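Hi,

Here is the structure I promised to pass on to you. Have a look at it first, and then read on for what turned up in it.

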Amino acid sequence: MANGSESVSVSAAAARAAGTAVRVAGIPSQDVVSCEPLSGGTYNALFLISLRDGRRWVVKIPPSVSLPGLGYERDLLRGEVEFYAAVGAAGGVPVPDVVRYETDPGAATGAFLIMSACPGTPWQKLDGELAPEERARLRRELGGLVARTHTVTGPGFGYPALPFGPLAGSWREAFTAMVERLLEDAVHYGARLPRTPDAIHGLMTGASEVLDEVTVPVAVHFDLWQGNILLDGAPGARTVSGIIDGERMFWGDPLADFVSLALLGEIEDDADFLAGYEAAGGRARFGASARLRMALYRGYLYLIMLTEGVPRGYGADERAWAWRHVAPRLEAALRRLDQAGAA
């Protein structure tokens, strides 16, 4: 948020919207034991609802459509609903159950999503407590869950909310549109990038032929950093209890998920994850083509991370962190694309 007064106002409106959503779901106010705001998100407002019958729900309220944002962020709840429904129906992956939703921000209730609350704590908060053996086991378990997610296929390529038009018939067409709109956002918001938007566009479209190798659109979460993976259980016996925050999902190349799974790192260094992924039937072969596609997906994610802070009003410290840690990773991905073009 741009300033403190706006944040307070938006939070109050979101709390009222969450109450409306619960009533629409058929829950009278006397059956609501508590409604607590959840921290950790940078885009939506989240509330944990405890009901008298013991159920626990999470209510997600998106920001007002009048606030600035990136092009792909239009109607993100549609993607989250589709991700949980499709992956949940496939079975074997701990995602929330969708209770009720409204994705039209113009509806009388506004847009909202009510889902079951998965048990556990974000991996990010527990990582320092994990013994090496437990961490290795959990990475293998996570690899298996991601492989099962990647068995879910969609009707076409791109974002389910169709922010750039209908789903595409090819991954190259969809990904090119995603990159071009993001670069338009970077120009519009004056985002600080390590190379000019035109130079980045040339490198990413110049390597796009390799995307034609992807012929099946699969469910890609694209935000699988540790904050969106829940762990539950006693120390030494924890399990992955939830994969959450699926709103950034798209139908595309499963390799794209490896970027956030090794955020600011290299998935090829995560032998335990890859062992679990392949044991569950996933294919993780890193030849020249796969590495080039990975460079494209890194470029896309790091462009998002460097651009989104402008419309969200990130402070000086957050912007400095991104420039110090994210910009070099984007530059490394661009160099990889540059080298491939030269070759």
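**The second largest pocket**

In the second largest pocket, the lining consists of 22 residues, and D253, P254, L255, R283 and R293 are the ones nearest its centre. A pocket here is an open set of points on a 1 Å grid over the protein atoms alone, where a 1.4 Å probe fits, with protein on both sides within 12 Å along at least five of seven lines; lining residues have an atom within 4 Å of a point. Before going further, please note that this is a predicted model, in which local features need pLDDT of at least 70 and side-chain atom pairs count only at pLDDT 80 or more, while totals for chains, interfaces and linings use all residues. Residues are numbered from 1 along each chain as its sequence is written, and side-chain values use heavy atoms, with hydrogens and water left out.

The volume of this pocket is about 430 Å³ (the space filled by probe spheres set on the points, which are joined across faces, edges and corners). Helix α9 (residues 288-307) contributes most to the lining, with three residues; helices (H or I, at least four residues) and strands (E, at least two) are DSSP runs, numbered from the N terminus. The lining comprises 10 nonpolar, seven polar and five charged residues, where Ala, Val, Leu, Ile, Met, Phe, Trp, Tyr, Cys and Pro count as nonpolar, Asp, Glu, Lys and Arg as charged, and the others, Gly among them, as polar.

**How the helices pack**

α9 also packs against α5, at an angle of about 25 degrees and with the axes 10 Å apart. Axes are lines fitted to C-alpha atoms, for helices over the stretch in contact, and angles run from 0 to 180 degrees between N-to-C directions. α5 and α9 are therefore roughly parallel (under 35 degrees; over 145 is roughly antiparallel, 65 to 115 roughly perpendicular and the rest oblique). By class, their contact (heavy atoms within 4.5 Å) has 12 nonpolar, one polar and one charged residues.

Helix α5 (residues 171-189) has another partner in helix α6 (residues 197-206), at about 170 degrees with axes 10 Å apart, so α5 and α6 are roughly antiparallel. On the α5 side, F175, T176, V179, E180, L183 and V187 take part, and they meet P197, I200, H201, M204 and T205 in α6.

What angle do α4 and α8 make? Helix α4 (residues 132-149) and helix α8 (residues 271-279) pack at about 40 degrees, with their axes 6 Å apart. That makes α4 oblique to α8. The contact between α4 and α8 holds six nonpolar, three polar and three charged residues.

Finally, take a look at G236, in the loop between β8 (229-232) and β9 (239-243). Leaving aside neighbours within four places in sequence, G236 is in contact with E134 and R137. G236 and R137 are 99 residues apart in sequence, and their C-alpha atoms are 9.8 Å apart in space.

Best wishes
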